Amino acid sequence: MKFLKGVAEEMKIVTWPTKTKLTKDVITVIQSTLLFAAFFWVADFVIDVIMKSFI
């Protein structure tokens with residue numbers, strides 16, 4: 001029970017993000033994910049074309 005009381009106390013002092021900040025962060029994560037996905041898709045496509053040219 002001591003642990004749970006400690007958790008409850010910590011949760012009271014946590015600074016939670018505002019809705020605006022949270023929305024901006026989520027959009028940033030989605031954009032970054034799409035950018036990396038596009039990069040790896042292009043890289044995979046290029047490698048596939050190169051490998052098929054040798055076979």
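Biologist: What makes Ile-50 partly exposed?

Modeller: Its relative accessible area is 41%. Buried means under 20%, exposed means over 50%, and partly exposed is in between (1.4 Å probe, protein chains only), so Ile-50 counts as partly exposed. Keep in mind that this is a predicted model, where local features need pLDDT of at least 70, side-chain atom pairs count only at pLDDT 80 or more, and totals for chains, interfaces and linings use all residues. Residues are numbered from 1 along each chain as its sequence is written, and side-chain values use heavy atoms, with hydrogens and water left out.

Biologist: Okay, and why is the pair of Phe-39 and Phe-40 called edge-to-face?

Modeller: Rings of Phe, Tyr and Trp (its six-membered ring) pair if their centres lie within 6.5 Å; planes under 30 degrees apart are stacked, over 60 edge-to-face, and the rest tilted. Here the centres are 5.2 Å apart and the planes sit at 70°, so edge-to-face it is.

Biologist: What makes Trp-41 and Phe-45 a stacked pair, then?

Modeller: Their ring centres are 5.9 Å apart and the planes are at 15°, so that pair is stacked.

Biologist: Why are Trp-41 and Phe-45 separated by about one helical turn?

Modeller: Because they're four residues apart in helix α2, residues 19-54. Helices are DSSP runs (H or I, at least four residues), numbered from the N terminus.

Biologist: How do you know whether Trp-41 is buried or exposed?

Modeller: Trp-41 has a relative accessible area of 58%, so we call it exposed. Phe-45, at 48%, is partly exposed.

Key. Helices (H or I, at least four residues) and strands (E, at least two) are DSSP runs, numbered from the N terminus.
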